[in-house]
Amino acid sequence: MTSSRGGPQAASHDAVIAALQHMVRSRDLAALPETTEALSRIVEEIPLNDAQRAAAVNNLGNAMHLWFEADGHPADLDEAIRHYREALDSARRTDPQRPLYWSNLSLALLKQARRSRRPELVEEAVTTARQAADFTSLGSRQRVAALLRLVDALRMRAALGGTGTEEAVDVLREAAADAPPDLPERPTLLLRVGTTLVTCFDQGSGVEKLDAAVQLLHDAADEVPGGPDLRVALCRLGVALRMRFDEEGDPEDLRCAVDELSRAATSSPRDDGLLATALFNLAGAGAEHFDCTAERGALDEAIEVLDRSVERLRSDDPRLASVFLSFSELLRWQFAITRDGRTLDAAVDFADRAAYCADAPDEDRCCALRVFVACLLCRFENAGAADDLARADAALTELDRLAPADGPVRLGHWIQRGRLAVREFEQSQAKSTLNAAITAYQRVLAAMPADDPERAAVSVELCNVLQRQSKQNRRRTYRLAHATLRAAAELPTAPAATRMRAAVLAGHLAAETSRWEDAATMFKSAMALLPLVTRFGPPPDAARRYELTALVADMAACAVHDGTPKQAVELLEHGRNLLLAQALGTGDEHTALRHELPALAADLQRVRQQLDYLPDNLLGAAVRRKAVGRQRRLADR
């Protein structure tokens, strides 16, 4: 709103401007007819070349704009546009109100363009909004408002023309960077820009957009005073951090995501629509962090928050099944650490609730059924209840009905069929169940891509079954098992620890059949992988130290049996050095690098962990595809 200065009717003019300003603020338009008439008289009284005419005409345009807001007549908006254009034509170059006139004209043009879909109006709106931004002081509230208007105009141009919104996103980022600290709308603006950049990344933009989004959302969470906006900022920040982990693989992003999502979930009231999103992502971040680091802090924090919050979810929330499923996965991980049967019972219960949620889509039900089966098999191993095997069989029958004919879910179904058959064999000793397990694992390997990192783990499971069968017919099964394990040990995309297990199992299988040369060869392969496992992994516990020591002893024994005692001594010495280096934390080039260039050593360890990290196959195919893609990019680098 602009006011004129001086003149014989200045007091009357100022009263009209005050009335107009009151209507803009309050939307009480009772005095609009007489105010419009008064403004029209004022414009008629001001000469065409008078410096005050531009402000008066702009005010008349504002009045007509209010008429459009009140009645929705397009003619009123056309009239407002005509007055705004005249104001700009009448304004002198030194008029400080010119950015305001451009901004008003841009807003009116945008509203008319939304109604008429006329591209020429959008182009003029873009031009005038840009002029308003260019002629407004940096760091001012007016410039931020002008930039946001330009964003709206650019987005409309992109929508009408079917083009990208990159320019609009860049201007939006400029508005966030230019927003003064005391701008009340600044936290909301940061949230808006951060959310937009996450969307851009999700649609194919580079990781630079995601990095910027994380920073903006972090700033928004720091500046938002509280309430729903804070929960939205925390939740979107947590999701963005998980996305960045999917892209770059830094576990610290997951640790931060757990903290932010815990704050969002803890502050959410009962039946809050955002609570399910926060809990789902919290569970995913906690499980992934433990899966790739074996550190309990994030896992325990996520479980504690979920335990307090899960019953506050709406019973009709569409993500209810996903939250139950994710919580079950967390509890299953915790049981693996604590061996507390009550934790496993809770995991079974939540997986059961997820699998049989009334409105869960088939994809969610398939994931839930797989987790349910995994929990039941785990509980059978822990408690030996035959009823768990029967329930697992029923769940796999339902999964067989729901799963697509091929793809990750079908492969997961066959893997779990194999595991169930092994448990049934342990209970009944029926040879048919052992054959069923072998058939299931072979189907998986036949359908799985040759470079799939999980092939090594499936191969180890298959050969564990073949080893049991070989006690009855060693000659027939040895060659198949040895070839399968050798391929698994040599699979470059598989985690080093899994490859090492395959080599060790192949060595033991060869030793059992007195094939000492084959055994020595496979134990040497395992020893070659040992530095990758011991150097970058967590310190070994007592059981792990025993396994590694047994590996060295077995390798030397096979060399002796193979008639090469000198090589046995060399292998023993090599293994002893590796084990001592692991126990003392000294003695290899990585240790030296850690002392001389700690940042580079930390980066090397992070990359090694990423290359070896493979998400649990129950977390979902999309997560695993991202992990495999990240591994391949790192390997290429």
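**View 1. The cysteines C366 and C375 in a predicted model.** The sulfur of C366 lies 7.0 Å from the closest cysteine sulfur, which belongs to C367, and this is too far for a bond, since a disulfide is a pair of cysteine sulfur atoms within 2.5 Å. For C375 the closest cysteine sulfur is that of C378, at 7.1 Å, again too far for a bond, and the structure holds 0 disulfides. C366 counts as buried because its relative accessibility is 3%, and C375 is buried at 0%; buried means under 20% relative accessible area, exposed over 50% and partly exposed in between, with a 1.4 Å probe and protein chains only. This is a predicted model, in which local features need pLDDT of at least 70 and side-chain atom pairs count only at pLDDT 80 or more, while totals for chains, interfaces and linings use all residues. Residues are numbered from 1 along each chain as its sequence is written, and side-chain values use heavy atoms, without hydrogens and water.

**View 2. The largest nonpolar core.** A nonpolar core is a set of buried Ala, Val, Leu, Ile, Met, Phe, Trp, Tyr and Cys residues joined through side-chain atoms within 4.5 Å. Of its 144 residues, L189, L279, L282, L306, L313 and L330 touch the most other members. Helix α17 (residues 362-383) gives the most to this core, with 11 residues; helices are DSSP runs (H or I, at least four residues), numbered from the N terminus.

View 3. The buried residues of α8 include L172, A175 and A176, and its buried residues pack against α7 (141-161), α9 (186-202) and α10 (207-223), where contact means heavy atoms within 4.5 Å.

How values were computed. Helix = DSSP H or I, 4+ residues; strand = E, 2+ residues; numbered from the N terminus.
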